[in-house]
Amino acid sequence: MPFEPGRRYRLNPDVALRPEPFGALAYHFGTRRLSFLKAPELVDLVRGLGSHPTVSDALAAVPDGRREACLRALATLAAADMIVPQPDPE
């Protein structure tokens with residue numbers, strides 16, 4: 001499934017984030033895959049995704065100069081199943 005910034009996403013329940021000085025390590029217990037989140041703002045963004053109606057809304061809190069990089073990082077995390085789409089609230 002392609003990444004859609006207009007949808008709601010959240011951290012996959014099978015993923016744990018471990019804080020690091022550079023940001024965080026994301027470990028997927030199902031796939032045993034490890035990803036590096038290399039910016040604290042990206043870690044905050046990933047942790048808070050589920051509280052926003054869409055990824056685009058979540059990106060509004062990121063400084064303009066960093067939004068495109070964060071969007072690319074989120075697309076990569078979605079492709080790795082680190083973040084997953086949420087059903088729309090009814």
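Two strands pair if DSSP finds at least two bridges between them. Keep that in mind for the first stop. The model on your screen is predicted.

**Stop 1**

Select β2 (15–20) and β3 (23–28). Six bridges join β2 to β3, and the two strands run antiparallel. Now pick out E20. Which residue of β3 stands opposite E20? It is G23.

You now have an open sheet of three strands, in the order β2-β3-β4, with antiparallel pairing. From one strand to the next, the twist averages 20°.

Bring in α1 (40–48). This helix packs on the sheet and touches β2, β3 and β4. The direction of α1 makes about 150° with that of β2.

**Stop 2: the core**

In soluble globular proteins, nonpolar side chains tend to be buried together. Look for that here. The largest nonpolar core has 24 residues. Select L37, L45, V46, L74 and I83, which have the most contacts inside this core. Which elements give two or more residues to it? They are β2, β3, α1, α2 (55–59) and α3 (64–79).

Keep L74 selected and show what surrounds it. Leaving out residues up to four places away in sequence, L74 touches F3, L42, L45, V46, L49, V55, L59 and I83.

**Stop 3**

Go to P5, in the segment before β1 (9–11). Is P5 buried, or partly exposed? Its relative accessibility is 25%, so it counts as partly exposed. P5 and A75 are 70 residues apart in sequence, yet their C-alpha atoms are 8.5 Å apart in space. With residues up to four places away in sequence set aside, P5 touches T54, V55, S56 and L71.

Follow that list to T54. This residue is found in the loop between α1 and α2. At 16% relative accessibility, T54 counts as buried. Its contacts, again not counting residues up to four places away in sequence, are P5, G6, R7 and R8. Now show D57. The backbone nitrogen of D57 lies 3.0 Å from a polar atom of the T54 side chain.

**Stop 4: salt bridges**

Side chains of opposite charge can pair when their charged atoms come close. How many salt bridges does a search of the whole structure find? It finds three.

E20 is partly exposed, with a relative accessible area of 23%.

Move to E41 and R66. Their side chains form a salt bridge at 2.4 Å, N to O. E41 lies in helix α1 and R66 in helix α3, so this pair ties together parts that are 25 residues apart in sequence. E41 is partly exposed, with a relative accessible area of 26%. R66 also counts as partly exposed, at 33% relative accessibility.

Finish with D64 and R67, whose side chains meet in a salt bridge at 2.7 Å, N to O. Both residues lie in helix α3, three residues apart, or about one turn of the helix. Compare the two ends of the pair. D64 counts as exposed, at 61% relative accessibility, whereas R67 counts as partly exposed, at 30%.

**Stop 5**

Most residues other than glycine have a negative phi, and most peptide bonds are trans.

Select R32, in the loop between β3 and β4. Phi of R32 is near 65°, a positive value in a residue other than glycine. R32 is exposed, with a relative accessible area of 66%.

Then select D81. Where does D81 lie? It is in the loop between α3 and β5 (83–85). D81 is not a glycine, and its phi is positive, near 65°. At 33% relative accessibility, D81 counts as partly exposed.

Conventions. Residues are numbered from 1 along each chain as its sequence is written. This is a predicted model: local features need pLDDT of at least 70, side-chain atom pairs count only at pLDDT 80 or more; totals for chains, interfaces and linings use all residues. Side-chain values use heavy atoms; hydrogens and water are left out. A nonpolar core is a set of buried Ala, Val, Leu, Ile, Met, Phe, Trp, Tyr and Cys residues joined through side-chain atoms within 4.5 Å. Buried means under 20% relative accessible area, exposed over 50%, partly exposed in between (1.4 Å probe, protein chains only). Helices (H or I, at least four residues) and strands (E, at least two) are DSSP runs, numbered from the N terminus. Contact means heavy atoms within 4.5 Å. Axes are lines fitted to C-alpha atoms, for helices over the stretch in contact, and angles run from 0 to 180 degrees between N-to-C directions. A salt bridge is a side-chain nitrogen of Lys or Arg within 4 Å of a carboxyl oxygen of Asp or Glu. A polar contact is a pair of N or O atoms within 3.5 Å; within protein, one must be able to donate a hydrogen and the other to accept it, and residues adjacent in sequence count only if both atoms are side-chain atoms.
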